[in-house]
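Read each task, have a go yourself, and then follow the solution step by step.

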Amino acid sequence: MDGAAGIVAMRAAARLGVAAAAFAVALPATPHAFADELEYPVKAEFIERFTHFIEWPASAFEGPDAPFVLCVVGETPMAQYLQRLAEHRRIKSRQVELRALKPNADLSACHLLFIAADARPYLKQILARVEGRPIVTVADSEGFARAGVLINLLLDPEGRVRFEISPHGARRCALTLNAQLLKLARLSPSTESGR
Amino acid sequence: MTRHVSIRTKLIALTLLGVLAPIWFVLFLVGAKEIRDIRSDMLTSSGLIASVVADYGAAALAFDSRPAAEDALQVLAENPRFLDATIYDNDGKLFASYHQDVPAARSPPPELHDTLSRTSLEGDRITVVQPIVQGGERYGALLLHTSVAPLVLRIHTYLWDLLWLIVGVIVASLTLAWALERLVTRRLLRLAEVARDIAKHEDSTVRADDRGSDEIGLLAAAFNSMLAELAHRQEETREAVRLRDEFLSVASTELRTPLTSLKLRVQGLIDQAPPVANPADAERLRKSFELAERQVRRLEKLVNSLLDVARIAVGRFPLQSEEVDLVGIVHGVIGQFSAEIGRSGVEVLLDVPVHAVGCWDPLRLEQVVVNLLSNALKYGAGKPIEIAVHLDDDQASLIVRDHGIGIDSADQARIFERFERAVSLNYGGLGLGLHITREIVHAHGGTISVESEPGKGAAFIVVLPRGLRAVAEAGQAWTHA
């Protein structure tokens, strides 16, 4: 299944546009290295794709031209890829505005909030502040879903990017999730019902 | 040419046409509409299923999960009409596939650049190319093949139903036509049969027994009253003919008695007249006697003709046949007519053998030659007359040809009837000669015919069987001796 992972990675790279293409040229040739190097671009691509399967209420945006606000709390290697995403892509036909925030900052303007691993001490507090709001919380750290983060990205034993969804988190946010997305995800903390 | 087709056939054809045409029309319209609806339903439902499966497949493609994609395709297993389905990614690479039982020949990936779904009917299957799109993003495409077997089955069922219906309609039409025929045609045919019987047996007392009061009944009634009228007229005609023949017979017999005595008296006067001294008076007297004798002869001839006709009419026409020489008779008749021939200056050309012997009635045969020759002199316009006799083993033929006014083809059959002549003006006579001639020839078992063109003359051809074989053999014996 290395090949499959490679395909995901390549497709993800293609999605990232010109910058990603330039980046791809510099990639090492071996598949494993390929997969390792591509973990973060693929995760960034996944984040973009999640937005296709999630519906935000119109009231979540200030106006038809208001940007899609993508917030990051804490330090993450994904930041540069999210930055590229914000520069080259549009989400829900809106420009993407990337905001790097402190854990105690005001999160109410965010549409999607990425919580980096180093924000673990503030996790409970952050989740309490976004509860009931149309904000998708995303992380890539073990145990974050259990704690209530809506989507948590992980790697499966073959090195492919997968994700788990917290049903608790889904109930607490004011958003509609596509059933297909739930079907694909590993549900946390209950037993696996999808992959 | 519908007049040559029987009413039964017409009735069947009309009933079939009347029943089948609207049925065909309606069935065709309904069938075409239904098949079109089924087809469009199938196309629509295939497209719908494809879009549902594509929805399921979108997340699987977006997050690269083949098992999820295969799960999505498994939905199709529930219905056997879905032959196979394949999900391709945006690069045209196979991502997941499903096939019903046998792996179908892998079809090449479709053109994936469309963002609209395409549905088409190709041969025995429907092909759907459904782009897989989620949130405005295209992840790949679904290629779905659906069998059109249900449509084909439906069409087959429909055609069979149609066939049975047509068979039923034909049977019903035949039954109907048979019933109509019983009502109409059979009665008409019976009427026609009565008419045929009457013509065949000359029995005009037969009547049609159709007592209906419908149109055919009216026809039968009219037919019967026509028959009654016909019988009445026939009876009248028969009576008139009988009276005429009786009159002819009586008149000719009554005329003959004074005529015979007149003829004897004229002959006596010629023989016993005292000599007259004055040659001029003597010449005048001789001419008067000659004229009187000629007129008496002419009168006698006319009366004899009338008598012959009367005999023919009552069927008393006995022949006294004996061995005679036709050529001899011809010479004798020319001799009789020599004075008349000399007077008119007509040339008579003969083409005859030495003898032409047969068993005939010599007086009647002479009458034939006399009639034909006097006709030729009468209508020959002074041109030469040819008389020929030809002889075979079995028969002799006599041909008398003139080059006179001729006979119109329309009149040729008529001239042999009683009191008929082709031209009535400017020529005397009763018009009995040819009638009597024909009857004599027929009585001998022979035939008479005429060949003529108006203005070019006429040829009368009499063919007579030579009669008894004994006569022919005697002739041969005589020749050999």
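**Exercise 1. Find the residues that Ile115(A) touches, leaving out those up to four places away in sequence.**

Step 1. Two residues are in contact if their C-beta atoms, placed from the backbone, lie within 7 Å.
Step 2. With that rule, Ile115(A) touches Val73(A), Gly74(A), Leu123(A), Ile126(A), Thr137(A), Ala139(A), Phe144(A) and Val149(A), not counting residues up to four places away in sequence.
Step 3. Before going on, note that this is a predicted model, in which local features need pLDDT of at least 70 and side-chain atom pairs count only at pLDDT 80 or more, while totals for chains, interfaces and linings use all residues. Residues are numbered from 1 along each chain as its sequence is written, and chains are lettered from A and ligands numbered from 1 in the order in which they are written.

**Exercise 2. Which residues touch the most other members of the largest nonpolar core?**

Step 1. A residue is buried if 20 or more other C-beta atoms lie within 10 Å of its own, exposed if 12 or fewer, and partly exposed in between, with C-beta atoms placed from the backbone.
Step 2. A nonpolar core is a set of buried Ala, Val, Leu, Ile, Met, Phe, Trp, Tyr and Cys residues joined through C-beta atoms within 7 Å.
Step 3. The largest such core has 86 residues, and Ile115(A), Val53(B) and Leu142(B) touch the most other members.
Step 4. H1(B) supplies the largest share of this core, 11 residues.
Step 5. Another core lies apart from it, with 38 residues that include Leu326(B), Ala356(B), Val369(B) and Leu398(B).
Step 6. As background, nonpolar side chains tend to be buried together in soluble globular proteins.

**Exercise 3. Describe the side of chain B that touches chain A.**

Step 1. Here 13 residues of chain B are in contact with 13 residues of chain A.
Step 2. Helices (H or I, at least four residues) and strands (E, at least two) are DSSP runs, numbered from the N terminus.
Step 3. Two or more residues on this side of chain B come from each of helix H1 (7–62) and helix H2 (66–74).
Step 4. H1(B) gives the largest share, 5 residues.

**Exercise 4. In what order do the 5 strands of the open sheet in chain B stand?**

Step 1. Two strands pair if DSSP finds at least two bridges between them.
Step 2. The order is E2-E1-E5-E4-E3, with antiparallel pairing.
Step 3. E2 (94–99) and E3 of chain B are at the edges with a single partner strand each, so one side of each has no neighbour in the sheet.
Step 4. From one strand to the next, the twist averages 15°.
Step 5. At one pairing, E1 (residues 82–89) and E2(B) are joined by 5 bridges, and Asp84(B) has His99(B) as its bridge partner in E2(B).
Step 6. E3 (residues 118–122) and E4 (residues 125–134) of chain B also share 5 bridges, with Leu121(B) partnered by Ile126(B).
Step 7. The hairpin of E3(B) and E4(B) has 2 residues between the strands, and Gly123(B) in the turn has a positive phi of about 60°.

**Exercise 5. Is Asp64(B) buried or exposed?**

Step 1. Asp64(B) sits in the loop between H1 and H2 of chain B.
Step 2. Asp64(B) is buried, because 25 other C-beta atoms lie within 10 Å.
Step 3. Though not a glycine, Asp64(B) has a positive phi of about 60°.
Step 4. For another case, take Lys92(A), in the loop between strand E3 (90–91) and strand E4 (94–101) of chain A. Lys92(A) counts as partly exposed because it has 16 C-beta neighbours inside 10 Å, and its phi is near 50°, a positive value.

**Exercise 6. Check the span of helix H9 (residues 362–379) of chain B.**

Step 1. The expected span is 1.5 Å times one less than the number of residues.
Step 2. Just after H9(B), Ala381(B) takes a positive phi of about 55°.

Terms used
Axes are lines fitted to C-alpha atoms, for helices over the stretch in contact, and angles run from 0 to 180 degrees between N-to-C directions.
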